[in-house]
Amino acid sequence: MTTQALRNRYVSDSVATAPPSRLLVMLYDRLVLDLMIAGQSLEAGDRPTASARIQHAQEIIMELRATLDPTAWSGGPGLASLYSYLITELVQANVTGDRSKVEAVQSFAEQLRDAWREAAAQVIGSGP
């Protein structure tokens with residue numbers, strides 16, 4: 001098996017066996033990565049790469065929004081609104097090539113990722 005095939009299998013197995021809390025953090029990690037690359041691509045004038053990464057980031061946020069149950073906790077409706085706002089900002093960033101909008105969304109994504117990572121660590125730490 002090639003190195004790339006082994007890596008792909010490892011990633012696939014990691015996702016398939018990860019607990020839900022870890023999957024959520026993995027999504028946020030990928031979201032932040034996409035936004036970092038989009039920002040760098042906009043700075044370099046590479047609009048096609050930036051656009052592809054922004055669109056992928058939008059897909060991640062749409063998935064996060066679709067799987068969110070806003071009635072499950074008091075912060076749910078606010079998080080749903082935040083996801084909608086982030087999607088709108090990314091659409092505008094993609095249309096205009098506005099790197100500052102991408103960076104603002106990245107900042108929100110990093111804060112959310114860090115909060116979910118901390119929550120996941122607490123859940124894992126309180127297990128049997």
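L35 touches A57, L90, V102, V105, Q106 and A109, leaving aside residues up to four places away in sequence; contact means heavy atoms within 4.5 Å. The model is predicted, with local features needing pLDDT of at least 70 and side-chain atom pairs pLDDT 80 or more, while totals for chains, interfaces and linings use all residues. Residues are numbered from 1 along each chain as its sequence is written, and side-chain values use heavy atoms, without hydrogens and water.

L35 is also among the residues that touch the most other members of the largest nonpolar core, together with L31, I61, Y83, L90 and V102; this core has 24 residues. A nonpolar core is a set of buried Ala, Val, Leu, Ile, Met, Phe, Trp, Tyr and Cys residues joined through side-chain atoms within 4.5 Å. Buried means under 20% relative accessible area, exposed over 50%, and partly exposed in between (1.4 Å probe, protein chains only). At least two core residues come from each of α2 (20-44), α3 (47-67), α4 (76-96) and α5 (99-125), and α4 gives the most, 7 residues. Helices here are DSSP runs (H or I, at least four residues), numbered from the N terminus.

Next come the aromatic rings. Rings of Phe, Tyr and Trp (its six-membered ring) pair if their centres lie within 6.5 Å, with planes under 30 degrees apart counted as stacked, over 60 as edge-to-face and the rest as tilted. The count is 1 aromatic pair. Y85 and F108 form it edge-to-face, 6.3 Å centre to centre with 80° between the planes. Y85 lies in helix α4 and F108 in helix α5, 23 residues apart. Y85 counts as partly exposed because its relative accessibility is 42%, and F108 counts as partly exposed because its value is 32%.
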